[in-house]
Amino acid sequence: MPLKTKNMRFINKKLLLALCFIVIASSAIHAQEVIKDTVKKAVTVNISNQRQKIDGVIATVGDYLILDSDIDKSFLEISSQGNSVKDITRCQMLGRLLEDKLYAHQAIQDSIKVTDEEIKSKLDEQLNYMVEQLGSMDKAVKYFKKSSEADFRADLFEIIKMNKLTSEMQKKIIDKVEITPEEVRNFFKKIPTDELPVFGAEMEVAQIIVKPKVTEEEKQKVIDKLKGLKKDVQDGASFATKAVLYSQDPGSSSNGGYYKMNRKTPFVKEFKDVAFSLAEGEISEPFETDFGYHIIYVEKIKGQEVELRHILLVPAISEASLKEAKEKITQIRKKIIDKAVTFAEAARTESDEKETKANGGLLVNPKTQDTHFELTKLDPSLNSQVSNLKEGEVSMPLIDTDQNGKKKYKLITVTNRINEHTADYAKDYIKIKELALKEKQLNAIAKWSEEKIKETYIKINGEYRDCTFTNNWLKK
């Protein structure tokens, strides 16, 4: 999403796509129908990893029912991704389904809202990924063994909705979980010396960015275009249709420019300021952010949340501006090589990237929020740029194109290389804190589950009552 803060720039798109398939496979566990029929058919169940011909209700969690075929569906979805299911028993799969239903049931009890608009947005995004990967919608439907595109969309919609309810409920559970330095210290002390985690080889990377200048003429072109689109909408045209046709925001254009946000949503300040200044039904004047020029249309205001649509247009960059930017960054590199300035000094005074220049160009790892990047997890695009650099060496000027098609030049240097090593409390405090926090969050979820199982109507039928579960679903 181009409007989010830019320290998320290092995203491996192929990895994201692969993860998308994995998430869908694992979350197929969530794609169960809420069946209102209270008549429960008798079933004969074989507690093994075999397909069942006889279907029936095997468990109930609150208002949700789980069918025997739901387990089969879960196995089928995971297998269709090439993942082995031979070590997963039907009891284990049922345990996972029960957890998902408990989260979803409690999310509804807690009035957690998931709108169809949110689901449709994610649905379109995932379908686009799948079609791009598999070649066509027909191939995607066949790959996931669905009877039709409509059936495929309906199943995927329910999967995403259940995922969203589950994730929102989990988020609510752990949002208030915090950890103190003393707890981190105690967590680390509890780990036996021979069981201390080993952290892989890492590096710290800095960069200097030079952006080509946009001419006033090109800026005015997009401003005039946006004003024209605004007038068309005021005259009766659909803002959503205009966004699909013209917006250059890859994160929302296919969905008619739709976003749902609140004051804490990580969008750039200029965008949020305009969004929250508009009344329901109002369209903004064109305004500028680092991503280009926008207009916003506010559809709904619900308390502290705003549902809006926007159109982003990016001014074109001339060849002359590109040439000028390259010449500038080449001169910066020469000053660094000649030792007239250090890389950090040049970044602070010459770089056009606000997020890194104050820190001497050092990049922040979006996953850990520190400056260390583990080599095995480094984004391939960044890895290809730094893999052959020695510590302190400065790259030749590199041209970079972001997801909006905007070009810029950059210099990269590796400021520090850290070998693989056993965890050290002082050196690896941030990573150790993250591990300690995750453990505390898992404990919070376990405690929540234990309490909610006690107060929620749960029934398990037939031979599945002989299963051994991690959680006390049978309330023994």
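**Notes on the predicted model**

1. The largest nonpolar core has 47 residues, of which I71, L94, L98, F152, I460, F469 and W473 touch the most other members. A nonpolar core is here a set of buried Ala, Val, Leu, Ile, Met, Phe, Trp, Tyr and Cys residues joined through side-chain atoms within 4.5 Å. Buried means under 20% relative accessible area, exposed over 50%, and partly exposed in between (1.4 Å probe, protein chains only). Apart from this core lies another, of 17 residues, including Y259, M261, F271 and L312. In soluble globular proteins, nonpolar side chains tend to be buried together.

2. The model is predicted: local features need pLDDT of at least 70, side-chain atom pairs count only at pLDDT 80 or more, and totals for chains, interfaces and linings use all residues. Residues are numbered from 1 along each chain as its sequence is written, and side-chain values use heavy atoms, with hydrogens and water left out.

3. Leaving aside residues up to four places away in sequence, F469 touches C91, L94, G95, L98, I460, Y464 and L474; contact means heavy atoms within 4.5 Å. C91 belongs to helix α3 (residues 90-109). Helices (H or I, at least four residues) and strands (E, at least two) are DSSP runs, numbered from the N terminus. C91 counts as buried because its relative accessibility is 11%. Although C91 and Y464 are 373 residues apart in sequence, their C-alpha atoms are 7.0 Å apart in space.

4. Helix α8 (residues 216-234) has buried residues E218, K219, V222, I223, L226, L229, K230 and V233. Seen down the axis of α8, these fall within an arc of 135°, so they line one face of the helix; the arc is that of the directions from the helix axis to the C-beta atoms. The cover over the buried residues of α8 includes α9 (239-246), β7 and β8. Exposed residues E216 and E217 are on the face of α8 turned away from its buried side. Just after α8, G236 takes a positive phi of about 120°.

5. Strands β6 (residues 287-289) and β7 (residues 292-302) run antiparallel and are joined by 3 bridges; two strands pair if DSSP finds at least two bridges between them. A hairpin through 2 residues connects β6 to β7. β7 also pairs with β8 (residues 305-313) in the antiparallel sense, over 9 bridges. H294 in β7 stands opposite F287 and also opposite L312 in β8. In the hairpin of β7 and β8, with 2 residues between the strands, G303 takes a positive phi near 65°.
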